[in-house]
Amino acid sequence: MYLTRLEEEMLAGEHGYAAQKAMEILVALGKIYGAERLIEIRSAQISGVSYANLGEEGLEFLLKLAEDGKVRVPTTLNPCGMDLEEWAEMGVPEDFADKQLKVIEAYLKLGIEPTLTCTPYLAGNIPGLGDHVAWSESSAVIYANSVLGARTNREGGPSALAAAIAGRTPLYGLHLDENRAPTMLIRAPRISSELEASALGYRVGRMLGSGVPFFKGLGAVSRDQLKALGAGLASSGGIALFHVEGITPEAHRYSGMHAEEEIEVTEKDLREEIELLSESLEDPDLIFIGCPHASIEELTELYLLLGGRRIGRRLWVFASRAVKAQAEKIGLLEKLEEIGVKVYCDTCPVVAPLRRLGVKTIITNSSKAAYYLRNIHGVRVQLKPLQELVEDAVR
Amino acid sequence: MRIVLEGRVIREGRAEGEALTTRQPISFYGGVDPETGRIIERGHELEGEVIADKILVFPYGKGSTVGSYILLRLRRRGLAPKAIVNQRCEPIIAVGAIIAEIPCVDEVDISLISRGDIVRVEGARVEVWKRRQSP
């Protein structure tokens, strides 16, 4: 692989330990994927923030990097294991909180912005069409590629961090035009909720495993439905890019194309998919929305559906601090809190130490959340669209 | 009998030890217990085996990218394999080997290595002393 002089210096350790480790990782990845060279990036998004996943050793590694390392591009951070301001109220134990704060400090020292959200694109990290970036967090990766038209491979936490420190990433995969063309045409029914969008994504991801689906027939889909569709595709499959006819920015390039293969997904398929991930719950410990983190539109819709009724049980919303601040500015946050809705930031049920919070049963509207909550935390989950979930909350 | 294989260096280093081999991919996140170094994936052909101090031979990694950090945790606890030999290395294992400083080599025909063989990894070179076949 061709390296510039600066890149060779970094690899040789002339710019310190962190830059050297970063280059070792990038060169190894470039070698594995046959990249000719590295390409400079505009931004990075880092996963691997929850202390529950990093452990003591992951924390030590970050502290070591932070001794002499600094990111070279604007870099944002995935959610961690707790709300940084209200962790005690969430029920997060103090020993966990101490360790979690040390992790955040290490990232701050590296020059990373503590956005702590899986939706950096709703919190100021918004790459443009054709921009090369290095993002981790599969739902953010697929949104950046598909909805924004930026270019990133599906990085892991350490490889995205390496790219941020070196300011570059190996040039292969979705950075190249030839790998962004559709591999499968999907005829889909009209979508009417985030839950249906996430179930469609989950089903297609499971059927395809990998590749680039091109959706036809979805009708007018909202930004939040695209967010849910992508999160579903990326959690059941290794998919990092999709196109929607007439909607996503690169779709027109392929409108005349006839994919060799075609799959039809019906409304019945979507219902079956939801049943597969869902079980019937009478008395849930928690009802939540915000996987991926909720937008200001979703918070508004929630408020309108509640229509001023008081919440009868725990209803939590997970959102970025940026979106919570927007809600506060327009008076929406106060109205939601008045009727008992709790808006938490910086974390989500998937990365929080859920069992330690005493949560065993959950109702939500996200297929991605259902998949991870069941597999990682052993929690029982029921899936319902927002309109129905709201009715459970006021009962 | 001794055979010499030539692979591709993912993480430079040298190590020698007994081979623990599988034809199935390994997921380190959820599939290996970071407290004990034991493979815990249900139904895996190495389920219950401890990977510590072995030359771990498997086709490639799978699962979540958090797996890289699990390799680091294993290394810091003295529970990591001495070296990793892959058919085709992918990013989870490559990144894990680099941050945990575990010698790693790929593009090796792993079907030539059996469980219990003595393996010496030295950069891209993999020397294998075949265990005597029992009659």
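Two residues are taken to be in contact if their C-beta atoms, placed from the backbone, lie within 7 Å. The views below come from a predicted model.

**View 1. The contact between chain A and chain B.** On this definition, the contact takes 18 residues from chain A and 17 residues from chain B. On the side of chain A that touches chain B, the elements that give two or more residues are helix H2 (17-33), helix H3 (51-68) and helix H7 (157-166) of chain A. Divided by class, the residues on this side of chain A are 7 nonpolar, 8 polar and 3 charged.

**View 2. The packing of H2(A) against H3(A).** The axes of these two helices, H2(A) and H3(A), lie 7 Å apart, and the helices pack at an angle of about 120°. Because of that angle, H2(A) counts as oblique to H3(A). From H2(A) the contact is made by Tyr17(A), Ala18(A) and Lys21(A), while H3(A) brings Lys64(A), Leu65(A), Glu67(A) and Asp68(A). Taken by class, the contact of H2(A) with H3(A) has 3 nonpolar and 4 charged residues, and no polar ones.

**View 3. The largest nonpolar core.** This core holds 166 residues, of which Leu26(A), Ala44(A), Val317(A), Val85(B), Ala94(B), Ala97(B) and Cys104(B) touch the most other members. H2(A) supplies the largest share of the core, 10 residues. For Val85(B), if its neighbours within four places in sequence are left aside, the contacts are with Ile55(B), Val57(B), Val105(B), Val108(B), Ile110(B), Ile113(B), Val121(B) and Val126(B).

**View 4. An open sheet in chain A.** In chain A, 4 strands form an open sheet with parallel pairing, and their order is S8-S7-S6-S9. Strand S8 (243-244) and strand S9 (262-264) of chain A are the edge strands, each pairing on one side only. Strand S6 (residues 184-187) and strand S7 (residues 213-216) of chain A run parallel and are joined by 4 bridges. Where S6(A) meets S7(A), Met184(A) has Pro213(A) as its bridge partner.

**View 5. The surroundings of helix H6 of chain A.** Helix H6 (residues 138-146) of chain A is mostly covered, with 9 of its 9 residues buried. The buried residues of H6(A) are Ser138(A), Ser139(A), Ala140(A), Val141(A), Ile142(A), Tyr143(A), Ala144(A), Asn145(A) and Ser146(A). These buried residues of H6(A) pack against strands and helices of chain A, namely strand S2 (44-46), strand S4 (134-135), helix H9 (223-236), S8, strand S10 (286-294) and helix H14 (367-377).

Notes:
Residues numbered from 1 in each chain as written. Chains lettered and ligands numbered in written order. Predicted model: local features only at pLDDT ≥ 70, side-chain atom pairs only at ≥ 80, totals over all residues. Nonpolar A, V, L, I, M, F, W, Y, C, P; charged D, E, K, R; others polar. Core = buried A, V, L, I, M, F, W, Y, C linked by C-beta atoms within 7 Å. Buried ≥ 20, exposed ≤ 12 C-beta atoms within 10 Å, placed from the backbone. Pairing = 2+ DSSP bridges. Axes fitted to C-alpha atoms, helices over the stretch in contact; angles between N-to-C directions. Parallel < 35°, antiparallel > 145°, perpendicular 65-115°, else oblique.
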